[in-house]
Amino acid sequence: MKKRCPRNELNTLEALLFASGEPVSIRDMAKVLGIEEKACERQIQLLRRTMEQERSGRQIERFENRYQMSTNPLYYAPIAVLYQSKQKIKLTDTQQIGRA
């Protein structure tokens with residue numbers, strides 16, 4: 001049995017959730033980490049608390065026995081501003097091309 005490294009487990013869980021566009025099951029994450037599902041659940045809860053305490057731009061949401069990383073609602077407003085400004089730029093560029 002390989003020696004556990006909790007910090008590496010947390011980092012791996014974060015990477016798995018970040019890379020996945022869909023919720024990931026506890027079973028699948030535990031299998032990747034080579035740990036029991038209960039230990040995986042504890043690590044996810046620790047990661048969630050850490051992100052909450054740091055007011056991270058990301059959060060981990062639970063859907064039954066699956067987890068998914070998403071944007072923290074605290075930061076929706078600045079994200080909306082970014083995408084609104086990008087949309088305006090795209091519209092302006094398109095209008096200029098159409099006039100040429």
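Predicted model: local features only at pLDDT ≥ 70, side-chain atom pairs only at ≥ 80, totals over all residues.
The protein contains four helices and three strands. Followed from the N terminus, these elements come in the order α-β-α-α-β-β-α. Of its 100 residues, 24% count as buried. The accessible surface of the protein amounts to about 7700 Å², and carbon and sulfur atoms account for 53% of that area.

Two packed helices are described by the angle between their axes and the distance between the axes. Helix α2 covers residues 26-33 and helix α3 residues 37-53; their axes come within 9 Å and cross at roughly 100 degrees. Angles of 65 to 115 degrees count as roughly perpendicular, and α2 and α3 are therefore described in that way. On the α2 side, the residues taking part are Ile-26, Arg-27, Met-29, Ala-30 and Leu-33, which meet Glu-37, Cys-40, Glu-41 and Ile-44 of α3.

Side chains of opposite charge can pair when their charged atoms come close. The structure holds three salt bridges. In one of them, Arg-27 pairs with Glu-37 at 3.7 Å, N to O. This pair links distant parts of the chain, with Arg-27 in helix α2 and Glu-37 in helix α3, 10 residues apart. Arg-27 is exposed, at 58% relative accessible area, whereas Glu-37 is partly exposed at 38%.

Another salt bridge joins Arg-62 and Glu-41, whose closest N and O atoms are 3.1 Å apart. Here the link runs between strand β2, which holds Arg-62, and helix α3, which holds Glu-41, over 21 residues of sequence. Arg-62 counts as partly exposed, with 42% relative accessibility.

The remaining bridge is formed by Glu-14 and Arg-58, with 2.5 Å between the closest N and O atoms. Glu-14 belongs to helix α1 (residues 6-19) and Arg-58 to strand β2 (residues 58-63), so the pair ties together parts that are 44 residues apart in sequence. Both partners are partly exposed: Glu-14 has a relative accessibility of 21%, and Arg-58 one of 28%.

Finally, the surface carries a nonpolar patch of about 280 Å², made by Ile-79, Leu-82 and Tyr-83. Tyr-83 sits in helix α4, which spans residues 76-99. With a relative accessibility of 53%, Tyr-83 counts as exposed, because the cut-off for that class is over 50%.

Note on methods. Residues numbered from 1 in each chain as written. Heavy atoms only, no water. Patch = residues over 30% accessible without salt bridge, like charges linked within 9 Å, V, L, I, M, F, W, Y side chains within 5 Å. Areas by Shrake-Rupley, 256 points an atom, 1.4 Å probe, with all protein chains shown as cover. Salt bridge = Lys/Arg side-chain N within 4 Å of Asp/Glu carboxyl O. Helix = DSSP H or I, 4+ residues; strand = E, 2+ residues; numbered from the N terminus. Buried < 20%, exposed > 50% of the residue type's maximum accessible area, 1.4 Å probe, protein only. Axes fitted to C-alpha atoms, helices over the stretch in contact; angles between N-to-C directions. Parallel < 35°, antiparallel > 145°, perpendicular 65-115°, else oblique. Contact = heavy atoms within 4.5 Å.
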